[in-house]
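Open the model in your viewer with the sequence panel beside it. The stops below say what to select next and what is found there.

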Amino acid sequence: MSMQLKKRLYRTEGPDAMIAGVCGGLAEYWNIDPVFVRFATLVLVLCASVGVWIYLAGILIIPRKSNLNSRF
């Protein structure tokens with residue numbers, strides 16, 4: 001049997017985090033450049049204020065990387 005790695009969603013910390021690390025964490029999860037996620041977030045915030053609420057929900061729901069590593 002092959003061992004499968006479990007992907008985890010978390011907020012990044014340190015130099016990769018711009019505000020709260022939500023975009024950086026999503027970029028790592030999707031394996032893309034964080035600039036694309038940050039740009040999409042900026043467009044959502046500027047075009048529809050729903051982007052602000054989605055970002056705030058991400059801050060509240062998605063755990064920080066250090067908290068995730070301490071649990072497992």
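Select Thr12 and show what surrounds it: beyond its neighbours within four places in sequence, Thr12 is in contact (heavy atoms within 4.5 Å) with Ala17, Ala20, Gly21, Gly24, Gly25 and Glu28. Thr12 is buried, with a relative accessible area of 4%; buried means under 20% relative accessible area, exposed over 50% and partly exposed in between, with a 1.4 Å probe and protein chains only. Thr12 sits in the segment before α1.

A note on what you are viewing: this is a predicted model, in which local features need pLDDT of at least 70 and side-chain atom pairs count only at pLDDT 80 or more, while totals for chains, interfaces and linings use all residues. Residues are numbered from 1 along each chain as its sequence is written, and side-chain values use heavy atoms, with hydrogens and water left out.

Now pick Tyr10, also in the segment before α1. Tyr10 counts as buried at 15% relative accessibility.

Zoom out and colour by secondary structure. The protein has four helices and zero strands, where helices (H or I, at least four residues) and strands (E, at least two) are DSSP runs numbered from the N terminus. Of its 72 residues, 25% count as buried. Among contacts with a separation of 6 or more, 46% join residues 24 or more positions apart.

Next, select α1, residues 22–30. Its buried residues are Val22, Cys23, Gly24, Gly25, Leu26 and Ala27. The elements that cover them include α2 and α3. Step on to Asn31, which follows α1 and has a positive phi, near 60 degrees.

Move to α3, residues 50–61, and draw a line between its end C-alpha atoms: they are 16 Å apart, which agrees with the 16 Å that twelve residues should span at 1.5 Å a residue. The expected span is 1.5 Å times one less than the number of residues. Which residues of α3 are buried? They are Gly51, Tyr55 and Gly58. Seen down the axis of α3, these buried residues fall within an arc of 55 degrees, so they line one face of the helix; the arc is that of the directions from the helix axis to the C-beta atoms. The buried residues of α3 pack against α1 and α2 (34–47). Turn to the face away from the buried side to find the exposed residues Trp53, Leu60 and Ile61.

Finish with the largest pocket, by selecting its lining: Val22, Cys23, Leu26, Val37, Ala40, Thr41, Leu44, Gly51, Ile54, Tyr55, Gly58 and Ile62. On a 1 Å grid over the protein atoms alone, a pocket is an open set of points where a 1.4 Å probe fits, with protein on both sides within 12 Å along at least five of seven lines, and lining residues have an atom within 4 Å of a point. About 180 Å³ of space lies in this pocket. α1, α2 and α3 each supply at least two residues of its lining. By class, the lining has nine nonpolar, three polar and no charged residues, with Ala, Val, Leu, Ile, Met, Phe, Trp, Tyr, Cys and Pro counted as nonpolar, Asp, Glu, Lys and Arg as charged, and the others, Gly among them, as polar.

Key
Points joined across faces, edges and corners; volume = space filled by probe spheres on them.
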